[in-house]
Amino acid sequence: MSSETMTIFSPQLAARFDALVAKYPVRRSALVPMLLYAQDEVGYLSDAVIAEVAVRIGITELDVRNVATYYSMLRFKPAGRFNVQVCTNISCMLRGGYDLFDRFQDELGIGHKGVTQDGLFSLEEVECIGACCWAPAIQVNYDFHDDLTPDHVPAILDQYRAKAQSEGKAAHA
Amino acid sequence: MPRLVSHPDEVKIVTRRFGQGAANIDRYMELGGYEAAKKCLAQGPDWIINEMKASNLRGRGGAGFPTGMKWSFVPKQSPKPKYVLVNGDESEPGTCKDHLIFLHDPHAVIEGTIIAGLAIGSKLGFIYLRGEYRYLLEIMEKAVADAYAKGFLGKNIFGSDTEFQIITQSGAGAYEVGEESALMESLEGKRGVPRIKPPFPAVVGLYGGPTVINNAETIATVPHVIAMGGEAYAAVGSPRNGGTRLFGVSGHVERPGVYELPMGYNLKKIVYDVAGGVRGGRKLKAVVPGGSSTPVLLPEEIENLGMDFDQVGKAGSMLGSGGVVVIDDQTCIVEFALRTISFYQHESCGWCIPCREGTDWLKKSLTRFHAGFGTAKDIDNIQYLAENMLGRTFCPLGDAAAMPTLGFVKKFRKEFEDHLNGKPCPFAKHTEMAIV
């Protein structure tokens, strides 16, 4: 498949894939990052994403699914626009990671792997995110927020609500 | 933004450019960057490997294998291309040192990769970062592009006739991929399931070619070893443990952070002096010395303990990834053990039955136990289960789950007994975890 025809990806993403597969000694090496980048754009690994990635790499859809199900960041249904990932592993747990997770649950009215009705937020309890010395820490999509207390939660959520609003306005301008 | 910390006892070698804008290539060069790579290009592979051997630098990922020796295992002549693979899949709970290296000194990783490539005669290196580190991957990608633009990477590095290329790679969430053979599988676009060894990666590695795999901290240390000279670097540490280590101190301390201290530095001083002691004036209950897979140590065990691979090993634990997790006396060890095993259960790739089933049963037993439904026999069963996982799996994840569990049960048996017969947990409030 060339990047110009039959793609569900943006031209930028399609071009990125074309560059990526050409880079490695073996085409298939692009698979894992490619799935993640596709998910970043589409929101999740839909059947269409899996089909297209399979064609671009030159392997079967089954093979793509076999690999994709191994990696915990890859998902097969939509998350919220802002996916809140709260680390509760040991270093974060010792400094209040569970209190933080509880507060996010209360504020958002959803639990682990839940999505808010407006689709704006989803919530996940996650394993260590490599911010142990600045615990407790979370990631919202790829952004880190560290050294938190439950009282920081409303402001963090407001920050992303405001971001959604300004991005929405920009899109309609 | 992760905060940088400082302490007078620190010996800043690997961290010496932190906080100085060294992610910018010109700034990195002002601070002496890329001189070590140029020197290595002039001196050749044998000289590099001798310097590395003299440095006593040992792998910072956790196993502590001597880096110079690892490089020397790669055959000089190989019909297949040779590769350098940098392991930045930092995922061991309690460990965040590579996070700071990628953030503050990405060119040190690139320069170290070039030097490793020159040492083994490789033309292609990979720098693999865990998927969660997207902003750090972007910093690395920018740094690699800048190094290409300067001619430090490419067909003719530093104007020579030597080629060296670097590809950066993102993971997508998997602790197991930090194991070297699983890392290669992931980089080949497969599930991160480990390979049977031997053959070792130095002989048959990535794409079947000889491959050197080093932790990101090890690689970032390499240019400093070359700049200082192997012997001078070795002199900073303790016998057979060259140089410094980035200790990430987390948990119940006043000043958590990543501190660079000489190998062999006293663990009690790390807790009480460097990191400011136990938070809120509480008492110390235990210390996990090197990431969540290393067996827990009691306060009396850290008194005279020098933090190097050999001394911590002798004390019945491991230096591991250098992630020191400090636990105060208000913490439930059963809950801590449960959270630890839940992690390994979640991350077990499922290939080896002792690990797949063992972590699952340990999690079930500890969940029941912590909820107050344990029986006296459960304590022995937990120990029996963990003992039977040890050494029975292809990769170290099974051991990484069993070893800390054994430590908790053996050293805190009384606390397990305090949970018996429906007694409520004396400390904790969280009995349910979402991760299953």
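Two strands pair if DSSP finds at least two bridges between them. Helices (H or I, at least four residues) and strands (E, at least two) are DSSP runs, numbered from the N terminus. The views below come from a predicted model, in which local features need pLDDT of at least 70, side-chain atom pairs count only at pLDDT 80 or more, and totals for chains, interfaces and linings use all residues. Residues are numbered from 1 along each chain as its sequence is written, while chains are lettered from A and ligands numbered from 1 in the order in which they are written.

**View 1. Strands E5 and E6 of chain B.** Strands E5(B) and E6(B) run antiparallel and are joined by six bridges. Thr244(B) has Pro262(B), a residue of E6(B), opposite it.

**View 2. The open sheet of chain B.** Four strands form this open sheet, in the order E6-E5-E8-E7 (chain B), and their pairing is mixed. E6 and strand E7 (284-288) of chain B are at the edges; each has a single partner strand, so one side of each is left without a neighbour in the sheet. From one strand to the next, the twist averages 30°. Strands of a sheet pair through backbone hydrogen bonds, either parallel or antiparallel.

**View 3. Helices H2 and H6 of chain B.** The axes (lines fitted to C-alpha atoms, for helices over the stretch in contact, with angles from 0 to 180 degrees between N-to-C directions) of H2 (residues 35-43) and H6 (residues 106-120) of chain B come within 9 Å and cross at roughly 10°. H2(B) and H6(B) are therefore roughly parallel to each other, a term for angles under 35 degrees. Residues are in contact if their C-beta atoms, placed from the backbone, lie within 7 Å. Ala36(B), Ala37(B), Cys40(B) and Leu41(B) of H2(B) meet Glu111(B), Ile114(B), Ile115(B) and Leu118(B) of H6(B).

**View 4. The side of chain B that touches chain A.** Chain B gives 53 residues to the contact and chain A gives 40 residues. Among the elements of chain B that give two or more residues to this side are helix H7 (134-149), strand E3 (165-170) and helix H14 (333-347). H14(B) supplies the largest share, six residues. The predictor gives the complex an ipTM of 0.95 and a pTM of 0.96.

**View 5. Confidence along chain B.** The mean pLDDT (the predictor's confidence in each residue, from 0 to 100) of chain B is 95, and 98% of its residues reach 70 or more. Over residues 431-436 of chain B the pLDDT is below 50, and this stretch has nine contacts in the model beyond near neighbours in sequence.

Key
Two residues are in contact if their C-beta atoms, placed from the backbone, lie within 7 Å. Angles under 35 degrees count as roughly parallel, over 145 as roughly antiparallel, 65 to 115 as roughly perpendicular and the rest as oblique.
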